[in-house]
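Opening my notebook on this one. I'll jot down what I looked up, in the order I looked it up.

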Amino acid sequence: MSQDDLTSDVRTTPGMGTPPDPARGSSRPAPPARPGGGAVALALLLALLAIVGVGYIAWRQWQLLHINAQALRTTATLQERVNGMEHQLSTTTSQGNLLLQRLNDADQVNRSLREELLSHDARMRDLEEAVGKLSEKTLSGQDAMRLDETESLLRMGAERYNLFHDAQGAAQAFALANQTLAGVTDDAFKAVQQGIDAEHEALVKSQAFDPAQQLDSVMQLRNDVPNLPLKPLDEPAAQPNESAWSRIWRALRGVVQIHRDNGAPIDVADARIARELMALDLAQAQAALLAWDQGAATASLQRADAGLTAQFDAQSPAVQQAHQRIAALLAQLKPVVPVKLGAALSELRNLRAVHTLKPSADNAPANGAKP
């Protein structure tokens with residue numbers, strides 16, 4: 001649409017008033033020429049683009065502001081965390097310094113303890129050496145004491161066997177001597193132990209029965225003597241082929257009786273004397289067993305057995321049992337081969353003499369002494 005067309009349309013539009021007077025119009029300036037339609041469209045497009053650009057810029061600005069706010073908050077949070085970490089780091093640093101100081105103190109203490117430990121170690125070595133020397137002296141003293149005790153026990157056992165024939169007591173003394181000698185640390189005395197064992201076995205074998213049982217058996221026999229029956233006093237009946245004088249003598253014996261001064265009948269006195277003699281023989285046998293005198297004990301038991309046969313009733317079971325017990329005791333009291341003692345004691349004395357001379361011989365070259 002041209003400018004002329006626009007002007008004509010304005011002029012012919014009703015209600016717009018009368019057209020200006022050409023005369024008046026000559027005095028006014030002419031209106032500016034309006035641009036065309038393409039320019040307006042271009043302007044509108046540019047305006048629209050400007051609005052879009054402004055909106056985009058505004059949106060971007062708002063987005064940047066929002067991002068900046070988040071960044072600021074994040075930065076503040078990080079700053080707080082960094083401050084906290086700095087505080088912790090400073091605390092850790094102070095604690096590390098404190099620990100370092102404590103470690104230095106501990107190092108100093110450890111050094112002092114190490115020095116004390118070294119000094120204690122040196123003292124312990126000195127003490128060990130002193131205790132070692134003392135233990136050697138103690139062991140030597142203990143060995144000497146044990147050897148003295150062993151020698152004393154061997155001598156006591158031999159004397160007891162030789163004087164009293166006490167094989168049981170001698171065997172006990174030899175057993176104690178063997179136990180004492182076992183505590184000696186020197187191996188040179190092992191041979192002496194073997195000799196002591198051999199003599200101890202010989203003493204044990206020589207004692208076949210227990211003396212205590214023998215004494216108990218004799219004591220029981222003494223207690224049974226008052227209850228043993230004597231032989232009957234009744235005279236036997238007359239034999240068919242007996243002579244007349246024998247019958248007369250038997251008749252006169254029934255008439256004539258002989259009494260003792262104390263008035264006791266002869267049968268009662270004889271019974272008392274027989275039991276007393278039997279008990280006396282058994283008491284002598286018991287005393288001989290206590291004195292380890294086998295010969296006297298055997299003789300006393302033989303006398304007791306003879307009296308038992310002569311005075312007591314042989315048909316009684318108690319008397320027969322007493323005979324059996326006396327026979328068993330006599331079998332136990334058979335003479336045995338005496339044990340030869342003293343070999344172990346002699347060997348012990350010889351070894352002790354050799355060991356006594358050995359230290360002086362060893363110390364002579366060290367001391368520089370001339371023989």
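Predicted model: local features only at pLDDT ≥ 70, side-chain atom pairs only at ≥ 80, totals over all residues.

**Entry 1: a salt bridge to begin with.** I started at the side chains of arginine 155 and glutamate 151, which meet in a salt bridge at 4.0 Å, N to O. The criterion I used is a side-chain nitrogen of Lys or Arg within 4 Å of a carboxyl oxygen of Asp or Glu. Both residues lie in helix H3, 4 residues apart, about one turn of the helix. Salt bridges that share partners join Asp148, Glu151, Arg155, Arg349 and Arg352 into one network.

Residues are numbered from 1 along each chain as its sequence is written, and side-chain values use heavy atoms, with hydrogens and water left out.

**Entry 2: cover around that pair.** Is glutamate 151 buried or exposed? Glutamate 151 is buried, at a relative accessible area of 17%. My cut-offs are under 20% relative accessible area for buried, over 50% for exposed, and partly exposed in between (1.4 Å probe, protein chains only). Arginine 155 is partly exposed, at 36%. Leaving out residues up to four places away in sequence, glutamate 151 touches Leu345, Leu348, Arg349 and Arg352; contact here means heavy atoms within 4.5 Å.

**Entry 3: other salt bridges.** How many salt bridges does a search of the whole structure find? The search finds 8. Arginine 111 is exposed at 54%, while aspartate 107 is partly exposed at 33%. Aspartate 121 and arginine 125 meet at 3.6 Å, N to O. Being 4 residues apart in H3, aspartate 121 and arginine 125 are separated by about one helical turn. Aspartate 121 is partly exposed at 33%, and arginine 125 counts as exposed at 53%.

**Entry 4: whole chain.** The secondary structure comes to 11 helices and 0 strands. Helices (H or I, at least four residues) and strands (E, at least two) are DSSP runs, numbered from the N terminus. Buried residues make up 18% of the 371 residues. Of the contacts with a separation of 6 or more, 74% are between residues 24 or more positions apart. The chain exposes about 27,400 Å², and carbon and sulfur atoms supply 60% of it; the areas come from the Shrake-Rupley method with a 1.4 Å probe, and for residues only the protein chains shown count as cover.

**Entry 5: aromatics.** The rings of tyrosine 56 and tryptophan 59 have centres 6.1 Å apart and planes at 35°, so the pair is tilted. For the record, rings of Phe, Tyr and Trp (its six-membered ring) pair if their centres lie within 6.5 Å; planes under 30 degrees apart count as stacked, over 60 as edge-to-face and the rest as tilted. Both residues lie in helix H3 (residues 37–164), 3 residues apart. Tyrosine 56 is partly exposed at 49%, and tryptophan 59 is partly exposed at 45%.

**Entry 6: helix H10.** H10 (residues 317–332) has 16 residues and reaches 23 Å from its first C-alpha to its last, close to the 22 Å expected at 1.5 Å a residue. The expected span is 1.5 Å times one less than the number of residues. Which residues of H10 are buried? They are Val319, Ala322, Arg325, Ile326 and Leu329. Seen down the axis, these fall within an arc of 120°, so they line one face of H10; the arc is that of the directions from the helix axis to the C-beta atoms. The face turned away from the buried side carries the exposed residues Pro317 and Gln324.

**Entry 7: a last spot check.** Serine 300 is in helix H9 (residues 294–311). Serine 300 is buried, at 4%, and touches Asp281, Gln284 and Ala285, not counting residues up to four places away in sequence.
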